[in-house]
Amino acid sequence: METPGDLEVQLEGMREYYRNGNTRGASWRKSQLRGLCRLLKEREAEMNAALECDLGKHPVESYRDEIGSLIKSVNYALGCLKGWMSAEKARLPLAAALTTAEIIPEPLGLVLIISSWNFPFGLSLEPLIGALAAGNVVVLKPSEVAPRCSSLLADVLPAYLDPKAVKVVEGGPAVSEQLIQQKWDKILFTGSARVGRMVMAAAANHLTPVTLELGGKCPAVLDSLSNSWARKVAVQRILGSKFSACAGQACIAIDYVLVETKFSSTLLELMKVWIGKMLGENPRESRSMARIVNKNHFSRLKTLLEDPNVKASIVYGGSMDENSLFIEPTILLDPPLESDLMQDEIFGPLLPIITLKKIEDSINFINSRPKPLAIYAFTHNDSLRKRMVAETSSGSVTFNDAMIQYMADTLPFGGIGESGMGNYHGKFSFDTFSHHKAVLRRSFLVDFWFRFPPWNDHKLQLFRSMYLFDYLGVLLTVLGLRKSKQG
Amino acid sequence: MAGEDKKQQPFDSKAASSLVAELRGAFASGTTRSYQWRESQLRGLLRMTDEHEQDITAALRSDLGKPELESVLYEAAMLRNSCKFALKELQRWMMPEKVKTSLTTFPSSAEIVSEPLGVVLIISAWNYPYCMRHFSFFIFPVSFASFTILFVVPTFFLHYLSVLSLDPVVGAIAAGNAVVLKPSEIAPATSALLAKLLGEYMDSSSIRVVEGAVPETTALLEQKWDKIFYTGNGRVGQIVMAAAAKHLTPVVLELGGKSPVVVDSGINLQIACRRIIVGKWGNNNGQACIASDYIITTKDLAPKLVDVLKNELETFYGKNPLESKDLSRIVNSNHFTRLTKLLDEDKVSKKVVYGGERDPTKLQIAPTILLDVPRDSLIMNEEIFGPLLPILTVDKLEESFDIIKSGAKPLAAYIFTNDKKLKEHFVNNVSAGGLVVNDTTVHLAVHTLPFGGVGESGIGAYHGKFSFDAFSHKKAVVYRSFMGDAAIRYPPYTNGKLRLMKALLGGSILGILRALFGRS
């Protein structure tokens, strides 16, 4: 670990590099993005190996969730960069002759990205794309909980990117603590709400703006679906989102399902069938499911299930192997709502099904809990859809699918309330790492005498008429044909 | 009943907590979300401003000694225009924004829905207690003396003097939130007036005013808000943000800084000086976050600049500016003392080239110009926020950029020049909340420009639609169908699926076809 002095010297060097304008030009930014592109193509095998080592992910899962998604995002940024960088003319309401107004995006300067362990490449590089596209210099602090991925990033990024502008700092909580005490022009943090509070509190000391990508319990509302095709697809999507994306260790994974009591047994049967078909007989061997990241989290999940009332509600799965850090897909039916399982974000392959009398009750259920990062609703019912959007609050709402919103470059990805603040992805990444500077250019040719003191009733009257766009009134006043009146 | 019965009991944590609970209840009932409610409240604000303009002037005169024209007309008119603009645009702002979706999420449709954040806290500053913004009108006088037709081209520019309190309230209401407003205690008459008027004109189930000072503000900051909007100084801004961090509350901080004015030669110095003067002393006598703080010009130009400034100052405020009715006074004795300390520092007191008079009984300080103050003086190391204007001189004007960049990023920066290259260099290299070329402060009035700081001058922005956005959550909504499912997304994972996925994420139709037919 570097000494505090080392770190500060490094950061000052980066600020100097930034101040000298090295990162402002489009060609530098493009070169960085292209560098990332090449990295993703050339190092795919090593990235897969690191993900398998740290999380037991299958290469297809790695590609689908991280590498492929990043390639898509880099290409999108490359294609859009010119547009993003250009000044936006601000509409002036009237013919303000000889005046122009525009909004110019400029980099913030030295930014810090702290990423999480579950999608170690995705959550590090997706923000990095935005920070570089916006012309900043960046320090990246990957999570030490995924150590192979962290050290791979530390190794390869300097080879593909400008090492004076992008630095990887590895380490644990002590290093993060040290980092957040520094003065940054922006911090983008992905992680838990508890640490998010600490990051924002530290940022407050320097008035550093922050984007916090936190978590929550993302509910999936499953309405009665009229045909078996839709039911099958819905179940596949629910299971896929829960079990096949880092084994449920994802901020936007479905945390629990809400369903009407009368459909719960149908649902359960469908789930059992499809778990078998999708994940196979031995998901650990086939790596159709990732493993739990470490003993801490394994213990945490194990403890959730040790609550006797929770244990009693297990209807499928439940077996755990501490040696391989593997938990098989587990479904619970109506575990107690006050249990830790139903109070904390699960972040693991345990899927509670909560039954309700009417599916519309799901709205109150969701609203009585902290605002989640995502709400999923599987329904044909248009009025339920409208109510979901209008009456609940979450980072996002997705109908008839789950997690796919992460892929959309045109949608802001971020939370609200306990699930976060700010957003990114696509242009939102560029914007989150930019300052939108207002620029007004005036001419010397136009001015008017009564803009200036000394003040008198005459000038006041002129202004009164002006504001009402009463041109005739102005004319009359100037011509002396209208008496200026008191307020 | 609105406002708080502060005479009866102190507004403490308990009171703050039950206030928030009450407003949460009101928000949860959905009242503030409808277009009708938002529109009615904005109209209420308009009526309030129209019907009580006199009271507003009186309060501002009592608190700040603001000249009638400077404060009432501008402040009231600015708020009026803010409301009118919001009313005009509200329906459009409230509509979801459809966005394009690509192959990776095909088939789907998506939109971004603006929803209110909930219950928001707005803490305002004292210098512009009423509103914020201004517009001005351009007139091309053909000849004043000959009474010929004037071409009046109203613009949106205006001296801003507005109600720093109420402009964010306009945004918060337009966005459908419940609002608690804490006006500044340093302008007590205006604060009391706001409490009374908002109580009468607004829906007090969802819009409240809490008056008070540090204890009341502290009690408010302990609560969980869905957004806090603070206007004031950086020190308190840090406290606000730290309090917000406990609840993961997002913030907008409109702070300050030292807004520099770079003055080049080869320009119409008289016009430039008028604009500098009116942006400095014509704005609460320099007590404004975007007033020009200091000037940088060349050693060659400095004497002439000082002369022209002196002339114009005398034209505006007469030979005895302390007697002028057109200058606001210093808000209170604390600030008066602070400013005289800046003026009387040894290394600076001899640099006064104009003004310097002060009247402690009237809390008045005359417009004062200082030439060539040392960079390490007190006056050059804090935001002046008063009627003192130091001028720094350099050999070449390009050096001014280094001076500006060596300090914290200000809320605004200004340049007067006709040199195109210098203009562009300034615009592209000076970082500040906002920039104006060949004028000062007027960008405040442009509805379509975001008004906010960067770095130490602030976080976030507002005005016009930016206010609406500042108080909204942009919620992504995706509609997918059950058709067109890509089984390739799910396990069991195979190489075939991998190939197809690569092709899909790469977006190439040919690639997709090849993958489908097992060729890639």
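Reader: What conventions apply to the numbering and to the use of a prediction?

Author: Residues are numbered from 1 along each chain as its sequence is written, while chains are lettered from A and ligands numbered from 1 in the order in which they are written. As the model is predicted, local features need pLDDT of at least 70 and side-chain atom pairs count only at pLDDT 80 or more, whereas totals for chains, interfaces and linings use all residues; side-chain values use heavy atoms, with hydrogens and water left out.

Reader: Why is A:Asn118 called buried?

Author: Buried means under 20% relative accessible area, exposed over 50% and partly exposed in between, with a 1.4 Å probe and protein chains only. The relative accessibility of A:Asn118 is 2%, and therefore A:Asn118 counts as buried.

Reader: What makes the approach of A:Asn118 to A:Ser116 a polar contact?

Author: A polar contact is a pair of N or O atoms within 3.5 Å; within protein, one must be able to donate a hydrogen and the other to accept it, and residues adjacent in sequence count only if both atoms are side-chain atoms. The side chains of A:Asn118 and A:Ser116 make such a contact at 3.1 Å, and a polar atom of the A:Asn118 side chain also lies 2.9 Å from the backbone oxygen of A:Gln249.

Reader: How do you know whether A:His425 is buried or exposed?

Author: A:His425 has a relative accessible area of 2%, so A:His425 is buried. A:His425 is in the loop between β17 (420-421) and α17 (427-432) of chain A, and its side chain reaches the backbone oxygen of A:Tyr406 at 3.2 Å. Beyond four places in sequence, A:His425 is in contact with A:Glu126, A:Tyr406, A:Asp409, A:Leu411 and A:Phe413.

Reader: Why are α2(A) and α6(A) called oblique to each other?

Author: Two packed helices are described by the angle between their axes and the distance between the axes. Axes are lines fitted to C-alpha atoms, for helices over the stretch in contact, and angles run from 0 to 180 degrees between N-to-C directions. Helix α2 (residues 26-42) and helix α6 (residues 147-160) of chain A pack at about 130°, with axes 9 Å apart. Angles under 35 degrees count as roughly parallel, over 145 as roughly antiparallel and 65 to 115 as roughly perpendicular, with the rest oblique, and therefore α2(A) and α6(A) are oblique.

Reader: How does the contact of α2(A) with α6(A) divide by residue class?

Author: A:Gly35, A:Leu36, A:Arg38, A:Leu39 and A:Glu42 of α2(A) meet A:Val156, A:Leu157 and A:Tyr160 of α6(A). These residues divide into five nonpolar, one polar and two charged, where Ala, Val, Leu, Ile, Met, Phe, Trp, Tyr, Cys and Pro count as nonpolar, Asp, Glu, Lys and Arg as charged, and the others, Gly among them, as polar.

Reader: What makes α2(B) oblique to α6(B)?

Author: Helix α2 (residues 35-51) and helix α6 (residues 188-201) of chain B pack at an angle of about 130°, their axes being 9 Å apart. That angle makes α2(B) oblique to α6(B).

Terms used. Helices (H or I, at least four residues) and strands (E, at least two) are DSSP runs, numbered from the N terminus. Contact means heavy atoms within 4.5 Å.
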